[in-house]
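Hello,

Here is the structure I promised to pass on to you. My notes on it follow below.

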Number of protein chains: 2
Amino acid sequence: MELRNLITFIHVAELGSFTKAAEQLGYSQSTISFQIKQLEEELECLLFERINHTITLTERGHELISYAHQIRALTEEFKENLEEEKECSGHIHIVTPDSVCDDMIRRNYIDFHNRYPAISVKFTTADTAVMFDMLDHNEADVIITLDSHSYNKDYVIAKEKPLSMHFVANASSKFANKQKLSIRDIIKEPFILTEYGQGYRRVFDRELAKKSLEITPILEIGRTDMITALIAQSDMISFLPDFVTKDLVAAGCLCYLDVCDMEVEIWQQLIYHKNKWMSKALKTLLSYIIEKDFTEQ
Amino acid sequence: MELRNLITFIHVAELGSFTKAAEQLGYSQSTISFQIKQLEEELECLLFERINHTITLTERGHELISYAHQIRALTEEFKENLEEEKECSGHIHIVTPDSVCDDMIRRNYIDFHNRYPAISVKFTTADTAVMFDMLDHNEADVIITLDSHSYNKDYVIAKEKPLSMHFVANASSKFANKQKLSIRDIIKEPFILTEYGQGYRRVFDRELAKKSLEITPILEIGRTDMITALIAQSDMISFLPDFVTKDLVAAGCLCYLDVCDMEVEIWQQLIYHKNKWMSKALKTLLSYIIEKDFTEQ
DNA sequence: GTTTACCATCGATTTTTTCGATTATGGAGG
DNA sequence: CCTCCATAATCGAAAAAATCGATGGTAAAC
């Protein structure tokens, strides 16, 4: 019982004529005969009485009419639903490093929620490798990486920007006002760094290795807010992205160290899988993030 | 958007796999891919995200699932309705000569209604020719004729029997006890006959014409109950079927005349059009009529 | 009596559906 | 690291289905 035949049946029943239905539907009359016969054979019942070239619905036909209308109405309802702009709603899973999560939630979440109350967001933190794994398994809708610049034809990079990284210490550190420090000047100091899985930590270690240097941090922890808090009240040093530290530096709690022989190139990238279906909610979230996080300095 | 594809879509969504759905439905896997793609192209939206050979329903897919289930449920509901025995109900139009109508309503209608209260019957009276016309225009579901024996490949004769016809007069008529009367003996008497349209009246006239005789009745009327009532209180004669007169004869109101040179062969036939859809109600009515009207003497 | 309108039927053609084989990919197990 | 297995996409061939146009019979209209 295919929909095409049901539609034809409805038209025939309404017009009371195979010929007229054929004209209305753009079929030939023999096609209409065939389609109705097909329905009748499949349902094993007569839908129309044919007496002297005029057709009359049988009881069964009358019953089918109502079902056919309901079925047609459902398909049309669905198609209309597809076309009409929907309220922006849905569930979105975004995965980021801890620092980004922290930053975005603090600065933007309330505003986002107020603007789009029907979008439910799941915020998860993970290492770069895990994030890509989640993209590959369709467990994350979108990720934000802080790592070396990545490119892969399976992914779409919605937006990216290079990230400023700084060595930071307490504002009253002995290195606070020294200019043109070398990495070798500070390498023996006590360091707090994020775990190795975090992208920029890995890039940092790799850069050190190029200079045959190595740091054994006294504390490894993903939570960058903890790191800044500890540094603010001790003589420890860390290496962190600008967006984590700039407010505290501006407030005079922390200071940047002027280490001039250590260039670490870190990119912030907003990435989703190329086969990802872009729901309106997802598009909205991406636009929001791009506006708030990638355009401002 | 054909039903076949929707069914496939439901299976795929439930199993989360094109391959498993193919096995379950007896299709090849490429067919499933094709069907889903066809749906997606027609609806111009992605139903499944394909990431690393695993599929995940998109939001649109989720929406479609619910519609697809509803549509499938409707078609199944209809098919079940078809199969299950229904209460015997419906509207039936039966057309008969006035005499038959009179007889059946008096003797059987109440009983029939009590047995099948959900069947609504429309009883109409008409001439033989009009009755066949009504069959041809699907205006009557079934007719009962009292006429010469008819056969036509377009009609189905559900049942038939020859009818006894009698000349009848008042029980105290001068002809009451005479034996071996000739038609010529009574032809000048005042006759009451049914109209010419009534089948047996026509046959009667035709038989007379064969003998070069002719009757000009003093009253022509379809209502046979009127005829018998008039005869019972006058010296008029009529020519009527047995079932109209036998009770009055038995009651001593009327008597049969022993006219031995006038053989008129009249058949009672229960007829419907060969293309008529036999609803349960119609079958029931036919069986009832056959049982009550054609088997008893 | 001729024309028109209607539906059924048939064979031919076109379109659609289905299949099987192949490819590409990733995961699991050795 | 390699092989085997499972998955879905793709492609061309084959099968099936839908559609058409022509024809026929019948009844109604003119």
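Before the rest, some housekeeping. This is a predicted model, where local features need pLDDT of at least 70 and side-chain atom pairs count only at pLDDT 80 or more, while totals for chains, interfaces and linings use all residues. Residues are numbered from 1 along each chain as its sequence is written, chains are lettered from A and ligands numbered from 1 in the order in which they are written, and side-chain values use heavy atoms, with hydrogens and water left out.

Back to E49(A). This residue sits in strand 1 (residues 48-51) of chain A; helices (H or I, at least four residues) and strands (E, at least two) are DSSP runs, numbered from the N terminus. E49(A) counts as buried, at 5% relative accessibility (buried means under 20% relative accessible area, exposed over 50%, partly exposed in between, with a 1.4 Å probe and protein chains only). A polar contact of 2.7 Å also joins its side chain to that of N138(B). Not counting residues up to four places away in sequence, E49(A) touches several residues, among them T54(A), N275(B) and W277(B), where contact means heavy atoms within 4.5 Å.

Now the interface as a whole. Chain A and chain B each bring 38 residues to the contact. Between them they bury about 4100 Å², 58% of it on carbon and sulfur atoms; buried area is the accessible area (1.4 Å probe) that two parts lose on being put together, summed over both. On the side of chain B, Y67(B), F78(B) and W277(B) lose the most area to chain A, together 19% of what that side buries.

There are 22 residue pairs in polar contact between the two chains, both residues at pLDDT 80 or more. Helix 4 of chain B gives the largest share of the side that touches chain A, 14 residues. Six salt bridges cross the interface, a salt bridge being a side-chain nitrogen of Lys or Arg within 4 Å of a carboxyl oxygen of Asp or Glu. E2(A) and R4(B) form a salt bridge, at 4.0 Å from N to O.

Over all chains the count comes to 39 salt bridges. In chain A, R106(A) and D225(A) meet at 3.9 Å, N to O. This pair links helix 5 (residues 98-115) with helix 9 (residues 224-232), 119 residues apart. R106(A) is exposed, with a relative accessible area of 60%. D141(A) and K276(A) form a salt bridge at 2.8 Å, N to O, and the two lie in loops, 135 residues apart. Here D141(A) is buried, at 13% relative accessible area, as is K276(A), at 11%.

Lastly, have a look at strand 3 (residues 90-96) of chain B: six of its seven residues are buried, so the strand is largely enclosed by the rest of the structure. Strand 3 pairs with strand 4 (residues 119-125) of chain B in the parallel sense over seven bridges; two strands pair if DSSP finds at least two bridges between them. Within this pairing, V95(B) stands opposite T124(B).

Best wishes

Notes:
Polar contact = N/O pair within 3.5 Å; in protein donor to acceptor, adjacent residues only side chain to side chain.
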